[in-house]
Amino acid sequence: MPSYPRVLVAGGGIGGLTAALALARMGCEVQVYEQAPELREVGAGIQLAANGTHVLYALGVGEALKALSCEAEGKEIRIWNSGETWKLHDLGKVSIERYGYPYLTVYRPDLLGVLERAVRGEKRAAIHLGAKCVGFEQDEDSVALRLEDGRVVMGDALVGADGVHSRIRQGLFGADKPRFTGVVAWRGIVPMERLPQRMMRMVGTNWVGPGGHVVHYPLRAGRVMNFVGALERSDWQVESWSARGTTEELAADFAGWHDDVHALIRNIPVPFKWALMVRPPMERWSVGRVTLLGDACHSMVPFLAQGANMAMEDGYIIARALTELPGDVGSRLQTYENARRERTRRAVEGSADNIQRFHNRALAEPASAREYVSREWAGAPIAERYEWLFRYDVTRVEI
């Protein structure tokens, strides 16, 4: 039986808190260090497929989140200007029947709150706020995490869950070189009562068009609609979720799109925009007693709806590696990395591939648009694109 290490987690986002909860539930001493003064995710939606909700049910918090979320009935594809519609796939009961777990559309702060309460339920003082991580040192016996206020905390392992601009990744491998995709994304939350009755449905919709696409889906038991719009443009390259834009600029970006798209846009109280960057898959995530998870090591554009799911899977597999495997901490972390590298690489590349799939020039004209959608979103390509994602079982996959 391996000894259980004391684990430090840098970052209190979705991946970091999932790792902390899994580690605590499996018997590890764990401490989370988050730079923000309060745990507060940006107000945006995420989609949790069966592979992600499986993690939450395995950790005992699935029903708590489901009560705050929407169990979408299905997904559909619509053409940007005509509004013509194709069913993409059923979700709802079908997700449970086929994969064992629901497909939920979730408000990010709700997910973060469920995870935070569960971690504090395991150990009230496990989460440290206002604790910015600035560096670390390690030797054969331990790892020391340095905080901005001068404190140094000691552990047996360090997990860098500190996001796309990870200080832990920089400490391991130096500065990275993100590449701008040429795509700017907009996001916003729309109160459902502001929308036309025909749009108040428990369905996720992907609008596809030449050079852009829009995704919207319900959140918070149907009280709000999440909006994400992506457009090819080169004049904005700030990689931040909290840069404000204007409704006028957003509407101009989607000029000529269907009235339903504009019904969403004009009812967003505050739209935000961010530049989408891509980073090549990393050859390594782990050095000795230090490893990475989620966006710190495999950030992806949000076009496969799998970023949060992948981070949550990482967190659960880290906990399994550190509690189930023999050997020293470094070898267990390397086993975690080996178990995750290929799957996450495939997700990163699949999400990037969807830029051209969603933005194809064939969508410009009605006849070619119909033929293109029928070909790209027919049964066989969809199954190939998503089955391998949804069927993943964190509790049983070999590590």
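Reader: Where is A221 found?

Author: In this predicted model, A221 is found in the loop between β15 and β16.

Reader: What is the phi of A221?

Author: Phi of A221 is near 55°, a positive value in a residue other than glycine. As background, most residues other than glycine have a negative phi. R220 also has a positive phi, of about 50°, although R220 is not a glycine. R220 is placed in the loop between β15 (212–219) and β16 (224–232).

Reader: Why is R220 called partly exposed?

Author: The relative accessible area of R220 is 28%. Partly exposed covers values between the buried limit of under 20% and the exposed limit of over 50%, so R220 is partly exposed.

Reader: How many disulfides does a search of the whole structure find?

Author: The search finds 0 disulfides. A disulfide requires two cysteine sulfur atoms within 2.5 Å. The sulfur of C133 is 16 Å from the closest cysteine sulfur, in C297, and is therefore too far for a bond. C297 is likewise in no disulfide, the nearest cysteine sulfur being that of C133.

Reader: What makes C133 and C297 buried?

Author: Buried means under 20% relative accessible area. C133 has 9% and C297 has 5%, so both residues count as buried.

Reader: Why is the pair of R6 and D156 called a salt bridge?

Author: The side chains of R6 and D156 meet at 3.0 Å, N to O. The cut-off is 4 Å between a side-chain nitrogen of Lys or Arg and a carboxyl oxygen of Asp or Glu, so the pair qualifies. R6 lies in strand β1 and D156 in the loop between β11 (152–155) and β12 (157–160), so the pair ties together parts that are 150 residues apart in sequence. R6 is partly exposed at 37% relative accessible area, whereas D156 counts as buried at 14%.

Reader: How do you know that R201 and E76 form a salt bridge?

Author: Their side chains meet at 2.6 Å, N to O, and the limit is 4 Å, so the pair is a salt bridge. R201 is in the loop between β13 (179–191) and β14 (203–209), E76 is in strand β5 (residues 74–79), and 125 residues separate them. With a relative accessible area of 10%, E76 is buried, while R201 counts as partly exposed at 35%.

Reader: Which residue forms a salt bridge with E249?

Author: R233 is the partner, the closest N and O atoms being 3.0 Å apart. E249 lies in helix α7 (residues 247–253) and R233 in the loop between β16 and β17 (243–244), so the pair ties together parts that are 16 residues apart in sequence. Salt bridges that share partners join R233, E249, D253 and K273 into one network. For the structure, the count comes to 30 salt bridges.

Reader: Which members of the largest nonpolar core touch the most other members?

Author: They are L48, L111, L145 and L158, of 69 residues in that core. Leaving aside residues up to four places away in sequence, L48 touches several residues, including L56, L65, V106, L111 and M312. A second, separate core of 53 residues includes A230, L250, I265 and W274.

Notes: Residues are numbered from 1 along each chain as its sequence is written. This is a predicted model: local features need pLDDT of at least 70, side-chain atom pairs count only at pLDDT 80 or more; totals for chains, interfaces and linings use all residues. Side-chain values use heavy atoms; hydrogens and water are left out. Buried means under 20% relative accessible area, exposed over 50%, partly exposed in between (1.4 Å probe, protein chains only). Helices (H or I, at least four residues) and strands (E, at least two) are DSSP runs, numbered from the N terminus. A nonpolar core is a set of buried Ala, Val, Leu, Ile, Met, Phe, Trp, Tyr and Cys residues joined through side-chain atoms within 4.5 Å. Contact means heavy atoms within 4.5 Å.
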